[in-house]
Amino acid sequence: MPVPGPAPAEVPARRAARRFAEVVCPPEVRADQRADRVLGQFGLMLGSLPPAARTALAAALVLLDQGARLYPPSRGRRFARLDDPVAAAYVRALLARQGTAASMVRRLKGFIAMCYYDLPEVQREIGYDPAPYIAAVSRRRLESYGPQIRAGEAAAFIPGTRPSVTGPSVAGPADGQEP
């Protein structure tokens, strides 16, 4: 079954992104094609960002990947080619620093972790189910603001009325009619 999301070419530095996910996410990311689904989510998220942010994250991945060559224990290898202990040590070393590079790695880690925890099976595993909370809040709001909500809905659907900037207007001419 193909992984939903953008084509591999649409995710910059795909190998580095996959390796980064394997390092910063729980070990279960390697099971059941989760890493591929995380990358699919990441690609979708990149696509929703403004161009400057998208470019910055893509550049951060390339710098992360190629910058590993300068990390002595990597012996000149790219991040995507590092074994687990060296890759993890490299990321820890970057995160321990101050400055722009460390800030970008932190942001990248946050994005990748968010994509991981957005997977439905991961949410089930950690017991995350927002539906009961959403239902409870909806009930509370209806109990507190029910009449106002119904009045607003009625005003929005009554022919011959139009909502104003400050709220729904029940009295007033319909669009296209003279006042």
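## Ala96 and the end of helix 4

Ala96 lies in helix 4, which covers residues 84–96. The model described here is a predicted one. With a relative accessible area of 63%, Ala96 is exposed, because the cut-off for that class is over 50%. Ala96 and Arg106 are separated by 10 residues in sequence, and their C-alpha atoms are 10.0 Å apart in space.

## Helix 2 and its packing

Helix 2 is made of 15 residues and spans 21 Å between its first and last C-alpha, close to the 21 Å expected at 1.5 Å a residue. Its buried residues are Arg34, Ala35, Val38, Leu39, Gly40, Phe42, Gly43, Met45 and Leu46.

## Crossing of helix 1 and helix 2

The axes of helix 1 and helix 2 come within 10 Å and cross at roughly 120°. The crossing in which helix 1 passes helix 2 is right-handed. On the helix 1 side the contact is made by Arg14, Ala17, Arg18 and Ala21, and on the helix 2 side by Ala35, Asp36, Val38 and Leu39. Sorted by class, the contact has five nonpolar residues, three charged residues and no polar ones.

A salt bridge also joins Asp36 to Arg18, with the closest N and O atoms 2.4 Å apart. This pair links distant parts of the chain, since Asp36 belongs to helix 2 (residues 34–48) and Arg18 to helix 1 (residues 14–24), 18 residues apart. Arg18 has 30% relative accessibility and so counts as partly exposed.

## Arg34 and helix 6

Which side chains meet that of Arg34 in salt bridges? Glu121 is one of them, at 3.7 Å from N to O. Here, too, distant parts of the chain are linked: Arg34 is in helix 2 and Glu121 in helix 6 (residues 120–125), 87 residues apart. At 4% relative accessibility Arg34 counts as buried, and Glu121 counts as buried at 15%, because the buried class is under 20%.

The side chain of Glu125 also meets that of Arg34 in a salt bridge, at 2.3 Å from N to O. Arg34 lies in helix 2 and Glu125 in helix 6, so this pair ties together parts that are 91 residues apart in sequence. Glu125 has a relative accessible area of 51% and is therefore exposed.

## Salt-bridge network and Arg19

How many salt bridges does the structure hold? The count is nine. A network of salt bridges links Arg18, Arg19, Glu22, Arg30, Asp36 and Asp84. Asp36 and Arg18, the pair described above with a 2.4 Å separation of the closest N and O atoms, are both in this network.

Another member, Arg19, is placed in helix 1. Is Arg19 buried or exposed? Arg19 counts as buried, because its relative accessibility is 7%. Leaving aside neighbours within four places in sequence, Arg19 is in contact with Arg30, Phe79, Ala80, Leu82, Asp83, Asp84 and Ala87. Among these contacts, Arg30 and Asp84 also belong to the salt-bridge network.

Key:
Residues numbered from 1 in each chain as written. Predicted model: local features only at pLDDT ≥ 70, side-chain atom pairs only at ≥ 80, totals over all residues. Heavy atoms only, no water. Salt bridge = Lys/Arg side-chain N within 4 Å of Asp/Glu carboxyl O. Helix = DSSP H or I, 4+ residues; strand = E, 2+ residues; numbered from the N terminus. Buried < 20%, exposed > 50% of the residue type's maximum accessible area, 1.4 Å probe, protein only. Expected span 1.5 Å × (residues − 1). Axes fitted to C-alpha atoms, helices over the stretch in contact; angles between N-to-C directions. Left-handed = near helix turned anticlockwise from the far one by under 90°. Contact = heavy atoms within 4.5 Å. Nonpolar A, V, L, I, M, F, W, Y, C, P; charged D, E, K, R; others polar.
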